[in-house]
Amino acid sequence: MSTAINAVYISATATATDYPTRIRGISWGTAATKGDLVVRDASASGNIIYQQTLGVSGTSDVYVPDLGIRVKTKLHATVPSGGFATFLLG
């Protein structure tokens with residue numbers, strides 16, 4: 001089944017969507033510091049649905065097969081200082 005894919009870019013800790021969705025992929029990186037990308041459902045205190053650590057000046061591309069990672073409420077992401085992320089949603 002094909003699905004329309006949207007891209008959402010963030011460069012600071014933020015609520016990336018205010019609607020339910022599915023994460024199909026994530027491209028993210030860090031600058032001068034290492035850190036964690038923490039993705040939660042709903043808010044900064046919601047359930048963690050994905051977490052990954054990168055080193056200094058690291059990058060990562062994650063592609064999620066099949067149905068993706070379900071976000072039931074809204075997508076909130078915490079990025080390290082100087083970090084950034086693009087979420088592929090659909």
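**Figure 1. An open sheet of four strands, ordered β2-β8-β4-β5, pairs in the antiparallel sense.** The view comes from a predicted model. Strands β2 (14-15) and β5 (47-54) stand at the edges. Each has a single partner strand, so one side of each is left without a neighbour in the sheet. In the order of the sheet, β8 and β4 lie between β2 and β5.

Figure 2. Which residue of β5 is the bridge partner of Leu-37? Gln-52 takes that place. Strands of a sheet can pair in parallel or antiparallel fashion, in either case through backbone hydrogen bonds.

**Figure 3. Strand β9 has a covered face and an uncovered face.** The strand spans residues 84-89. Ala-85, Phe-87 and Leu-89 form the covered face. Phe-84, Thr-86 and Leu-88 form the uncovered one.

**Figure 4. Strands β1 and β9 pair antiparallel.** Strand β1 holds residues 6-10. Five bridges link β1 with β9. The bridge partner of Ile-10 in β9 is Ala-85, a residue of the covered face of β9.

**Figure 5. Strand β3 also pairs with β9.** Strand β3 runs from residue 21 to 29. Six bridges join β3 to β9, and the pairing is antiparallel. Which residue of β9 stands opposite Trp-28? Ala-85 does. Ala-85 is also the bridge partner of Ile-10.

**Figure 6. The whole protein chain, for context, has nine strands and zero helices.** From the N terminus on, the elements read β-β-β-β-β-β-β-β-β. The C-alpha atoms fill a box of roughly 40 × 25 × 15 Å along the principal axes. The radius of gyration is 12 Å, which agrees with the value near 12 Å for a compact globule of 90 residues. Among contacts between residues at least 6 apart in sequence, 76% join residues at least 24 apart.

**Figure 7. Surface and charge of the protein chain are shown together.** Of the 90 residues, 40% are buried. The chain exposes about 4,900 Å². Carbon and sulfur atoms supply 52% of that area. The chain carries 7 positive and 5 negative charges.

Conventions: Residues are numbered from 1 along each chain as its sequence is written. This is a predicted model: local features need pLDDT of at least 70, side-chain atom pairs count only at pLDDT 80 or more; totals for chains, interfaces and linings use all residues. Side-chain values use heavy atoms; hydrogens and water are left out. Helices (H or I, at least four residues) and strands (E, at least two) are DSSP runs, numbered from the N terminus. The radius of gyration is taken over C-alpha atoms; the globule rule is 2.2 Å times the number of residues to the power 0.38. Buried means under 20% relative accessible area, exposed over 50%, partly exposed in between (1.4 Å probe, protein chains only). Contact means heavy atoms within 4.5 Å. Accessible areas come from the Shrake-Rupley method with a 1.4 Å probe; for residues, only the protein chains shown count as cover. Lys and Arg count as positive and Asp and Glu as negative; His and the chain ends are not counted. The place of a charge is taken as NZ of Lys, CZ of Arg, CG of Asp or CD of Glu. Two strands pair if DSSP finds at least two bridges between them.
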